[in-house]
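The tour moves from one selection to the next.

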Amino acid sequence: MERYYKLCQQHLGKVARITDRNGRVHVGRIERVTNRKVYIRPVGGSRKGFGFGFYGGYYGWGAAYGIGLGFITGFALAGLFFF
C-alpha cells in the first residue's frame with residue numbers, strides 16, 4: 001500500500017490509469033490521496049475496458065470516487081498511453 005500511496009501523492013493532479021484487484025481499469029485525474037484511498041475524477045468516456053460503473057454508476061466525466069490503496073494492482077500515468 002505504501003508504494004501506491006507514494007506514487008499517487010507524487011502524481012497528484014495528473015491523469016492516471018489504475019488497475020484494481022478485480023481487473024477493472026480506472027482512468028482519472030488524481031484529486032486527493034489519504035492513507036487508505038486515492039480519489040480520482042473520471043476522464044475519457046466509455047472506451048472499451050474503462051468502466052466506472054462499479055464505483056459510481058457512470059461513465060466519463062463525473063464526481064471523484066475513492067479506490068482503496070490495498071486494491072490497486074497497477075498504476076501508470078495515463079498521458080503515456082492516451083494523450
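**A buried histidine, then the sheet**

Begin by selecting His 11, which is buried, with a relative accessible area of 12% (buried means under 20%, exposed over 50% and partly exposed in between, with a 1.4 Å probe and protein chains only). This is a predicted model, in which local features need pLDDT of at least 70 and side-chain atom pairs count only at pLDDT 80 or more, whereas totals for chains, interfaces and linings use all residues. Residues are numbered from 1 along each chain as its sequence is written, and side-chain values use heavy atoms, with hydrogens and water left out.

His 11 sits in the loop between α1 and β1 (15-20), where helices (H or I, at least four residues) and strands (E, at least two) are DSSP runs numbered from the N terminus.

Now colour the strands: the open sheet of five runs in the order β4-β3-β2-β1-β5, with antiparallel pairing (two strands pair if DSSP finds at least two bridges between them). β4 (65-68) and β5 (72-77) are the edge strands, each with a single partner, so one side of each has no neighbour in the sheet.

Select β2 (residues 25-33) and β3 (residues 37-42), which are antiparallel and joined by five bridges; here Arg 29 stands opposite Arg 41 in β3.

Finish at Gly 68 in strand β4, which is buried, at 17% relative accessible area. Gly 68 touches Arg 36 and Lys 37, not counting residues up to four places away in sequence.

Conventions: Contact = heavy atoms within 4.5 Å.
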